[in-house]
Amino acid sequence: SPRLAVSVVDRARIRIEPATVLRTEPVGMGYRSCIDAATLFSENEGMIVGSTSQGGILCCPEVFYLPYMELRPFRVNAGAVHSYVYNAGNKTDYMTELRAGSPIMIADLEGNVRRATVGRMKTEVRPLRLIEAEFDSGERVNVLLQDDWHVRIYSAEGKPLNITELQPGDRILGHVAKPGRHVGIKVEEHILES
């Protein structure tokens, strides 16, 4: 199991909660990055990615069956290059700041987290899809992901959802954070993002 190599010191928890999809639509071409981790993901783990500091969506790794390509159990197709990737210690990294050797946070469906290391970042121009969702508490988040059937996020029941089949009203999993970041660190400042 990938978890065996992780020390107790690296264990922590964050809150993973359901949100309702408000909008999902293609938005054209843009740069997106895959995060190839120096670890193997399980079927209940992913990474939290979002376009704003209010939180993000729990993105699936490539561990679920695909009819036309091999699995890549070390990869999360993580989104547009401007995105925040939520990290340990209540920090975020921009996708463009991550590189081989960077620390990353992997979260499971219950909010247990472990640390891992980036093996490589793979950035390419691809069609993108906007997903906007609202948590039960009223916070809204959005993310731009590669607009392809094999890119998946977790349903509220912890099942993989192909993002090209998402509909408004679908329930997904994500993480709410207090807004306001400067160089990836939480700051107490009034910031509006959309």
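A search of the whole structure, which is a predicted model, finds four aromatic pairs. Rings of Phe, Tyr and Trp (its six-membered ring) pair if their centres lie within 6.5 Å; planes under 30 degrees apart count as stacked, over 60 as edge-to-face and the rest as tilted. In the pair of Tyr 84 and Tyr 94, the ring centres are 5.1 Å apart and the planes stand at 15°, so this pair is stacked. Tyr 84 belongs to strand 7 (residues 84-87) and Tyr 94 to strand 8 (residues 91-94), so the pair ties together parts that are ten residues apart in sequence. Ring pairs also link Tyr 84, Tyr 86 and Tyr 94 into a cluster.

The loop between strand 7 and strand 8 holds Asn 90. Asn 90 is not a glycine, yet its phi is positive, at about 60°. Strands (E, at least two residues) and helices (H or I, at least four) are DSSP runs, numbered from the N terminus.

The table gives the accessibility of selected residues. Buried means under 20% relative accessible area, exposed over 50%, and partly exposed in between (1.4 Å probe, protein chains only).

| Residue | Relative accessible area | Class |
|---|---|---|
| Tyr 84 | 7% | buried |
| Tyr 94 | 36% | partly exposed |
| Asn 90 | 47% | partly exposed |
| Val 125 | 36% | partly exposed |

Val 125 is located in strand 10 (residues 112-135). Together with Met 29 and Tyr 31, Val 125 makes a nonpolar surface patch of about 330 Å². Patches are made of residues with over 30% relative accessible area and no salt bridge, with like charges joined within 9 Å and nonpolar side chains (Val, Leu, Ile, Met, Phe, Trp, Tyr) within 5 Å. A salt bridge is a side-chain nitrogen of Lys or Arg within 4 Å of a carboxyl oxygen of Asp or Glu.

Elsewhere, the charged end of Arg 152 sits over the ring of Trp 149, 5.1 Å from its centre; the criterion is NZ of Lys or CZ of Arg within 6 Å of the ring centre and within 35 degrees of the ring normal.

The protein chain as a whole has zero helices and 16 strands. Of its 194 residues, 49% count as buried. Its accessible surface is about 9200 Å², with 53% belonging to carbon and sulfur atoms; areas come from the Shrake-Rupley method with a 1.4 Å probe, and for residues only the protein chains shown count as cover. Among contacts (heavy atoms within 4.5 Å) with a separation of 6 or more, 67% are between residues 24 or more positions apart.

Residues are numbered from 1 along each chain as its sequence is written, and side-chain values use heavy atoms, leaving out hydrogens and water. In this predicted model, local features need pLDDT of at least 70 and side-chain atom pairs count only at pLDDT 80 or more, while totals for chains, interfaces and linings use all residues.
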